[in-house]
Structure formats: structure tokens, C-alpha cells
Amino acid sequence: MLQIVRYSPFWVTMALVCSCSSEQSPELIFEDVTVVSETPYDVHVGETQKIELATIGCTDFTVKNDKLLVTTNNKEGLVDVYNWPEMEFKGSFIQIGNGPLEVYNQLFTNDFSYYTQDDDLHVNFYDGYTSAIDWNVDESVRNQKISMVKSKINLPVEDGGVISYSYLGDNDCLYRHISDDATSQIRVLSLAGGESSNEYIDHLNSVSIPKIKDSFLFNIMSTYTRVNKERNLVVEVPLFMNHINIYGIRGKSFAKSIRIGEKVESVKKLFNEGATGMQLVFYDARAYDDFFGVVYKDKYDLKALPVIYFFNWDGYPLCSVKMDRNINFFDIDFVHEKLLVFDSTTESLFACDFRLPNN
Amino acid sequence: MSKTKLITAVSGLVFSLSLSFLVYVMNANSKESSYEANIDALASMEWPWQKNHDCYDSIFAAPGMQVYYCPECRYINGCGDSDTLNKCYK
């Protein structure tokens with residue numbers, strides 16, 4: 001008995017350790033998980049060059065081919081186009097309104113789907129009503145008149161509840177809408193006009209929050225959705241959770257999750273914390289032919305600066321770029337080997353030399 | 001190993017497992033009750049679901065998110081301004 005009393009601190013400690021080890025399992029995640037604690041290369045930003053923007057009220061940007069697109073909060077011209085890298089202003093395009101080929105919402109260039117046809121840059125995006133719009137950027141600049149057509153893709157969702165839209169070419173797309181009771185986000189793979197799904201999409205669609213009278217908390221499950229059409233892969237980067245999901249579509253068999261950091265976030269835990277617990281973890285996601293990148297910030301470290309992580313499409317980390325300033329958005333100019341970063345709070349755009357290691 | 005030491009070890013193990021189970025149950029109950037209390041609090045808001053929404057009179061731009069916007073009675077891209085949470089009778 002004396003020995004039990006003597007060793008009691010040890011047993012109590014053991015008991016507490018055992019009882020604390022139980023952890024709620026995350027829901028919006030696949031079985032195959034890669035945990036990222038370090039990356040093969042840590043890149044530090046070198047000398048940066050400030051890019052002067054004539055646009056006022058910039059919200060984000062994208063560089064594609066020889067064009068730099070900047071979204072603004074100007075309702076008469078939601079997207080400003082510049083020649084890149086000369087930065088000559090080429091015009092403001094797309095208006096908010098109820099008229100034909102006008103859009104309902106403010107736009108973000110990182111939500112656009114881009115493709116090049118006959119050397120012209122095209123942008124495909126959701127108009128905020130029930131359709132997708134195809135915009136020929138180069139033709140609009142050449143003619144100084146907007147060149148847009150309504151796509152044949154219809155998004156039959158009432159009340160504007162399409163929260164994400166990605167163009168897959170032809171008349172195919174992947175979109176996501178909010179369920180009628182606002183408890184889940186439903187992904188729909190629309191192929192040749194017919195709706196389709198797969199086991200990965202069904203799994204992600206099955207995740208929900210409890211039914212409450214709320215019109216915002218479903219955003220706990222919101223993600224930046226980016227598509228690699230050639231690889232038939234989708235990457236979903238949650239805004240408020242520290243993992244990334246990659247999954248196959250159109251017959252591609254692949255599903256993997258990537259987790260950054262030690263603590264696992266779950267939908268249930270975030271829901272329990274409510275709207276005040278919704279702190280951004282990922283700020284941006286961009287997909288490229290051979291890899292994708294995300295802007296990550298440790299929400300538990302208030303002094304932490306953002307880090308851009310790059311992963312290949314198999315879900316393995318390629319490198320991380322530690323920022324020396326706050327940024328929300330980034331993009332890569334592969335021709336001039338530049339990394340461009342943007343801080344929407346100061347509306348500052350910077351560029352620095354960049355080449356992905358071993359790429 | 002002497003008999004006394006064996007009894008001590010077994011007793012300690014039983015004690016530790018019992019304490020562990022007790023802490024786990026208390027922890028789970030506490031989490032569950034606060035979770036359910038949270039849902040109850042949100043669910044007890046007075047306007048019925050589906051016919052009406054809670055909505056926001058003003059919003060600010062935020063990529064990747066949507067919110068129910070009062071003036072239009074529909075979802076719109078962005079984040080709700082919590083100071084303007086309102087009822088939207090559709």
C-alpha cells in the first residue's frame with residue numbers, strides 16, 4: 001500500500017496522459033494523409049521590386065501570358081488589364097448589373113478559370129446568377145470593347161448559392177452550391193450537361209454542420225477549388241482548416257490529403273467555436289501544370305508571416321517560400337521567372353526573382 | 001519480482017485505468033454538453049428556417065465565402081459584417 005502511495009504521482013500522470021490522447025477525428029479529409037513538417041527546400045525572398053498599379057481599390061491579381069489582371073471594387077470596371085511586364089494600362093472591363101453579360105458579384109481573379117485559344121487569353125467564370133461567362137481578354141484589349149459570350153453551362157442554383165465554379169473545358173465544369181438547409185456544400189461535376197459524381201466528391205459532400213438558423217457558418221467548410229484539367233485532378237484548400245485535399249475526377253483514381261502543422265482542425269471543432277473562431281489559415285491557392293501553391297499562415301502564432309508552400313500533384317511538398325511581409329495573394333510569371341505577391345490591405349504588388357528548385 | 005511488487009503494479013495499473021476512464025467520461029460529457037448548448041442557443045433564434053434566413057445588411061468582399069445578403073434575399077460573395085446581422089423575411 002505504501003508503494004502505491006509512493007508511486008501515485010506516476011500513476012496519476014499516466015492516467016491523465018491516456019485520457020488526454022483522445023482527439024476528435026477530422027471529417028473533411030481523406031484516409032491517405034501526408035503530414036508536412038518540413039519541405040525539401042526553404043526559399044527566402046530576395047530583393048523585391050514594387051510594381052506600381054494605376055488601379056485604386058485592388059482586391060487581387062493574376063499574371064497570365066503577357067497580361068496582368070487586377071480585380072477592383074469599381075462596379076463600372078471590375079477587372080483592370082495591364083500589359084505585363086511593361087505595366088501599360090489596357091482598360092477596365094466587366095460591370096456589375098442586371099443587364100446581359102453583366103455580373104452580380106465583385107470578382108476575384110484567383111477564382112477564374114484560364115485557357116489560351118488562338119493565342120488569345122480566355123477567362124471563364126460564374127456570373128453570380130445562373131450562368132458561366134467566357135471572356136476573351138486579348139480581343140477586348142485589341143478592340144477596346146468587351147468581348148464576352150454566355151457559356152452553354154447553366155448552374156441551376158436558386159438564390160445565387162454557387163460558392164465555387166471551375167471550368168473543365170467544353171461544356172464541363174465542377175461547381176459547388178450551398179444545400180437548402182445551409183448545413184453543407186454540395187459539389188456537382190457537370191459533364192456534357194449531365195451531372196456526375198464520384199466516391200471522393202460523395203465523401204466531401206457528406207460533411208455537414210448541425211442544422212441551425214444561420215447563413216454563414218457553412219463557410220467553415222469553404223475551400224479554394226483549383227483544377228488541373230489535363231491531369232483530371234482537383235485540389236481543394238480550406239480557408240479555415242490546415243489541410244489540403246487532392247482528388248481525381250473524370251475516371252482518375254486518386255485521393256490524398258496534406259496536413260500542415262501539428263494540430264488537426266475539424267469541422268465540428270470549428271463549428272463549436274462559432275464565427276469568432278473562423279480565422280483564415282489559407283489565403284490563396286494557385287494551380288499550375290506541374291504543381292500548385294498555397295499561401296499559409298499559422299493562425300496560432302499572431303506574429304507569423306505568411307509562407308507559400310508548393311506541392312506536386314502527387315501531394316508531396318516541393319519547397320516553401322517564407323515571406324518577409326504580409327501578403328494574401330501570389331502568382332508566378334514563368335517566362336520572366338518572377339514570383340509576384342500582393343497585399344490587399346495596402347494594395348501593394350511586389351515581384352522578385354523566382355525559380356522552383358529542381359523544376 | 002516479489003508478490004508485493006506485483007500486487008503494487010497491478011493495483012497501480014487498475015487505479016490509473018479507472019482514473020483515465022473517469023477523466024475521459026467527464027471530458028466527453030463536458031464537451032458534448034457545451035456543444036449541444038451552443039447548438040440549442042443558435043437554434044432557439046425565433047424565426048423559422050427555410051422560409052426565412054438570418055442575413056446581413058452589409059458585407060465585405062472575401063474570396064471563397066458566401067453570405068445571405070438582406071437587401072437582395074440571396075447569397076452573395078463575401079463575408080457578413082456581424083454588426084448588421086438581421087432577419088430576412090423572404
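This report walks through a few residues of the predicted model above, with their surroundings and their bonds.

## Before we start

Because the model is predicted, local features need pLDDT of at least 70 and side-chain atom pairs count only at pLDDT 80 or more, while totals for chains, interfaces and linings use all residues. Residues are numbered from 1 along each chain as its sequence is written, chains are lettered from A and ligands numbered from 1 in the order in which they are written, and side-chain values use heavy atoms, with hydrogens and water left out.

## A buried aspartate in chain A

Let's begin with A:Asp331, which sits in strand β24 (residues 329-333) of chain A. Strands here are DSSP runs of E with at least two residues, numbered from the N terminus. Is A:Asp331 buried or exposed? It counts as buried because its relative accessibility is 0%; buried means under 20% relative accessible area, exposed over 50% and partly exposed in between, using a 1.4 Å probe and protein chains only.

The side chain of A:Asp331 makes a polar contact with the side chain of A:Tyr288, at 2.6 Å. A polar contact is a pair of N or O atoms within 3.5 Å; within protein, one must be able to donate a hydrogen and the other to accept it, and residues adjacent in sequence count only if both atoms are side-chain atoms. Leaving aside residues up to four places away in sequence, A:Asp331 also touches several others, including A:Phe61, A:Lys64, A:Arg286 and A:Leu340 (contact means heavy atoms within 4.5 Å).

## Backbone details to look for

In chain A, the peptide bond from A:Trp84 to A:Pro85 is cis, with omega near 10°. You can find A:Pro85 in the loop between β6 (79-83) and β7 (89-93).

Two residues other than glycine have a positive phi: A:Ile94, near 70°, and B:Cys73, near 55°. A:Ile94 is in the loop between β7 and β8 (113-117) of chain A, and B:Cys73 is in the loop between β3 (66-69) and β4 (74-77) of chain B. A:Ile94 counts as buried because its relative accessibility is 5%, and B:Cys73 counts as buried because its value is 16%.

How many disulfides does the structure hold over all chains? There is one, a disulfide being a pair of cysteine sulfur atoms within 2.5 Å. B:Cys55 and B:Cys70 form it, with their sulfur atoms 2.1 Å apart. The pair links distant parts of the chain, 15 residues apart: B:Cys55 lies in strand β1 (residues 52-56) of chain B, and B:Cys70 in the loop between β3 and β4. Both cysteines, B:Cys55 and B:Cys70, are buried. The torsion about their S-S bond is about 100°, so the disulfide of B:Cys55 and B:Cys70 is right-handed.

Conventions: Helix = DSSP H or I, 4+ residues; strand = E, 2+ residues; numbered from the N terminus.
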